[in-house]
Amino acid sequence: MTRGPTWFNITSLVLGFSFLYLPIVLLVIYSFNASRLVTVWGGFSTQWYVALLDNDQLLDAAWVTLRVAFASACIATVIGTLAALVLVRSGRFPGRTLFSGMIFAPLVMPEVILGLSLLLLFVAMEQTRGFWTVMLAHTTFASCYVAVVVQSRLVGFDKSMEEAAEDLGCPPVKTFFLITLPIILPGVIAGWMLAFTLSLDDLVIASFTTGPGATTLPMKIYSQVRLGVTPEINAVCTILVAFVTTGVIAASIATKRQQSQREKDERAAFGAEG
Amino acid sequence: MDQEQNTAPTRRTLGGWLLIAVPYLWLLILFLAPFLIVLKISLSEVAVAIPPYLPTFDLAEGWAGFTESLSQLSFENYIWLTEDDLYWKSYLSSVVIAGISTILTLLLGYPIAYGMARSPQAWRPTLLMLVILPFWTSFLIRVYAWIGILKNEGLLNQLLLFLGVIDEPLVILNTNIAVYIGIVYSYLPFLVLPLYASLERLDGSLLEAAEDLGCPPWKAFWNVTLPLSLPGVIAGCFLVFIPAVGEFVIPDLLGGSNTLMIGKTLWVEFFNNRDWPVSSAVAVILLLILVIPIVLFQNQQQKMSEKNG
Amino acid sequence: MFLNIFIGLGSILAKKSVGPVRREFTPWEDPDHPPFIEFRNVTKKFGDFTAVNNLSLKIYEKEFFALLGGSGCGKTTLMRMLAGFETPTSGQIFLDGQDLAGIPPYRRPSNMMFQSYALFPHMSVEKNIAFGLKQDKMPASEINARVAEMLQLTKLEQFAKRKPHQLSGGQRQRVALARSLAKRPKVLLLDEPLGALDRKLREETQFELMNLQEELEMTFLIVTHDQEEAMTVADRIAVMDKGQLVQVATPAEIYEEPNSTFVADFIGDVNLIEATVSDKSDAGTKLTSVEDGFAIDSDQVTTANVGDKVWYAIRPEKVRIAHGRAESGQPNQINGLVWDIAYLGDVSIIHAKVGADNEDILRATIANVSRIVDNPITWDEDVVLSFDRDAGVILTS
């Protein structure tokens, strides 16, 4: 579409984005509320952030969550990238339909089912539940998201680049590390970030698969939210939102810079010719 | 040039098989096997034990133990699901709530996606970024943010009272309306993204051609834009509907005690009643309900990618 | 020995009859000359689709060989089998006496220049060129020397440190060429190498490719759908259709002596006249056109029998056009009515209606040798079209 926006378009954009962002903005504002009553503005204060530092349970939960998220994101990136390669490159093989089904199903499957089924697996394996089981559960569903992200990058990848490397004497595995991986790296990094934030956010699957001593931050937030809105939770949420938002915006700015630099170079190269 | 090589069955080395084996085995063990276990436990009896169901399958007894435990399986839990009306009401209510929410999301999401597609090229990356960003922030936090807005002494009621629109606070939190708002809010990006993608691909000269042939703009929208954006509408609706049916966090935090959704029922059955066999049966039936839209969705996606590829 | 000389002499004579030759290089005339590349009864199937059908072909050392054909004719598949990206369903491929079966692409002594160039976007020009040499574990000093040589050969010295996206289309094409030449492969495979360039650059590059090939004394195999390109660069051309070779010959032979209506039609512009053989002798053949019965007298000796239906193929530039009418009873003269004139600058193409009902079109080209023509041929004019005995060829298929 190339035509300009009408007033209707602009209004719907403004209203739509207000709807998307106002709740979060209000949450952030009220995290700086001096009053304990969360809906009454009692002046600006950072006391709830200071109070967080003394809340050992919350800090513990945050630490567990970060460890789970980091570990599961790393493993999920490896498995998801391999899965994407299989989907795009391996052609037909027995059980391919089942394989792609298993990649796409977790994306739409209700979390309660994923959580329940994984818990029952860990019970059947007589596995003590805790850090490791949460990590494995998160790795499994996050790797499906990574697979989809990397796959979209691989689909746009000119396969003749790999063929050229092989043609020049480079064996397949080495070709993957020298050519394919560097080129799909932005997709792999995006996949890692997605896996990390998915794990950071997850409540349902973690609730099912965790055990004593491995309470994650969302679980902690959830148990407090059920008791009502508190300014401390507002503060925790603000920190989480700020953390993720900064990461995503920084990454997208970096990508955009790179892209516009590239476009500039391309224009210069073709300008020189013509 | 010659495209025929793409359809070739690939020559595969040991490394090629290994590449397939690693993710395949991972998913078989951690995705498919758990479902089979859920299926098995849904056919078991509840017991006061650890784990709280019978029969348990003991590896030590080998094949005999396996067949022994098979013979003890029963459909009792499924019969129970039909006897207690809590369950089928939950299923029905989940589908209805998800359906209404999907329609509301579409009504809100279409103008946003359309506005994005019609906006100047320079704005689009930023707008896209603004739609994607909430997707990255925690689901739980986004739902939580609405509690402070919707509750009786919340910000929405304060505003409406201040403006004089209402005389006493509206009860929104802990009703189905709050659940609708929560689902629309949480799943809006899922609908806007595929819809925007299909609207953005739409060739502007098609509309110009329609108008050139004497079609007024609103009619051109109805006859050209809408039909061509249909794949995006369908994909977006599936992406909202399917996960919304099994939603737990939103009905639990925003809905009331009479908001019935199957995800919540399953959770309560599992964590509060500790009835693992019945919650497994609930999960199996939920999955069967969702298989239909999931398969439809996959078929549609496949058709789309074939058309584009 | 004597036989060889005799055949060689014969080939020179044959050459003279069909126009210019770039250089005296005709190993294919000698049945004892060992082939450098040989496809032996190669078939490649993709599911139900047969891309290459029982094809045999010999290519000689230092030859510039072109595979020419339309989209989907199997030419690319044939080349990819040589490079090792596809495995033949049946048949064998030999390169320099070695059976290539089971050898993966990364161990084959051939290098390929890809249609998309397939330059590695994250590597500079010199790293791209050095890539293949590094895989051979060549010492760094030798790699540097070879890269410098390649940069000089392709006039890319000042771009060595640039990334591919900082180059123009023509520069990228030269990097791709330098990269595939750097390892001094036994054969260089070029897959539509100039397809992405604009016309002017493409023509220049064609001549550069030819010079390079002669200078380096390497075997080049090019795949192209552009007949002009194939005719410009190649020593011999194989015209392919539906996975089979239709004709393998020098550009001049392909143009002047096509072996079928497919080749005649595929290469250049041609008038195809359906005719029956009315008389034949060692001195030539007499034909009668099916549509309107005018007589054709050809110097060609045909295998067809009297009464058989054949095609008489004649290129438009070999048809003369003049004011006036045909002399009755004379062969190779047809009355026509000017239907359309396309002025192309260097030549004009005249479409004349011929035949009893003025329903067939015969095309003739006139070279525009002077700027102003007195008494030019114009629309709706009665003209006479004529040609010499040796102008056209008789085709039986």
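Start in chain C of this predicted model and select β7(C), then helix α6 (residues 199–216), then β8(C): together they make a right-handed β-α-β unit. Color the three pieces separately and you can follow the path from strand to helix to strand.

**Stop 1: strand β8 of chain C**

Keep β8(C) selected, which is residues 219–224. Is this strand mostly covered or mostly open? Mostly covered: six of its six residues are buried.

Now bring in the neighbors. Strand β3, residues 64–68 of chain C, is joined to β8(C) by five bridges, and the two run parallel. Strand β7, residues 187–191 of chain C, is also joined to β8(C) by five bridges, again in parallel. To see how the strands line up, click on C:V223. Opposite C:V223 you'll find C:L67, and C:D191 stands opposite C:V223 too.

**Stop 2: the open sheet**

Staying in chain C, pick out β2, β1, β4 and β5. These four strands form an open sheet, in the order β2-β1-β4-β5, with antiparallel pairing. Which strands sit at the edges? Those are β2 (49–59) and β5 (98–99), each of which pairs on one side only.

Zoom in on the pair formed by β1 (residues 37–46) and β4 (residues 90–95) of chain C. Five bridges join them, and they run antiparallel. For a landmark, select C:R40 and look across to β4(C): the residue opposite is C:Q92.

Next, click on C:S90, which belongs to strand β4 of chain C. Is C:S90 buried or exposed? Exposed: the cut-off is 12 or fewer other C-beta atoms within 10 Å, and C:S90 has 10 of them. Leaving aside residues up to four places away in sequence, C:S90 touches C:N41 and C:T43.

**Stop 3: helix α4 of chain C**

Select residues 140–153 of chain C. This is helix α4, with 14 residues, and it reaches 20 Å from its first C-alpha to its last, close to the 20 Å expected at 1.5 Å a residue. Color its buried residues: C:I143, C:R146, C:V147, C:M150 and C:L151.

What is on the face turned away from the buried side? There you'll see the exposed residues C:S141, C:E142 and C:Q152. Back on the buried side, show α3 (125–135) and α5 (169–181) of chain C, which are among what covers the buried residues of α4(C). Before leaving, click C:K155: this residue follows α4(C) and has a positive phi, near 55°.

**Stop 4: where chain C touches chain A**

Show chains C and A together. Here 22 residues of chain C are in contact with 21 residues of chain A. On the chain C side, the elements giving two or more residues are β6 (110–113) and α3. The largest share of that side comes from α3(C), with three residues.

**Stop 5: chain A on its own**

Hide everything but chain A. How many helices and strands does chain A have? There are 11 helices and zero strands. Its C-alpha trace spans about 70 × 60 × 35 Å along the principal axes. Of the 274 residues in chain A, 46% are buried. Among contacts between residues at least 6 apart in sequence, 77% join residues at least 24 apart.

**Last stop: the two domains of chain B**

Switch to chain B and color two ranges: the domain assignment gives domain 1 as 1–74 and domain 2 as 77–308. The contact between them takes 10 residues from each domain. On the domain 1 side, the elements giving two or more residues are α1 (14–42) and β1 (45–46) of chain B. Select α1(B) to finish: this helix gives the most to that side, with four residues.

Terms used
Residues are numbered from 1 along each chain as its sequence is written. Chains are lettered from A and ligands numbered from 1 in the order in which they are written. This is a predicted model: local features need pLDDT of at least 70, side-chain atom pairs count only at pLDDT 80 or more; totals for chains, interfaces and linings use all residues. A residue is buried if 20 or more other C-beta atoms lie within 10 Å of its own, exposed if 12 or fewer, and partly exposed in between; C-beta atoms are placed from the backbone. Two residues are in contact if their C-beta atoms, placed from the backbone, lie within 7 Å. The expected span of a helix is 1.5 Å times one less than its number of residues. Two strands pair if DSSP finds at least two bridges between them. A crossover is right-handed if, with the strands pointing away from the viewer, the path from the first strand over the helix to the second runs clockwise. Domain bounds come from an automatic or database domain assignment.
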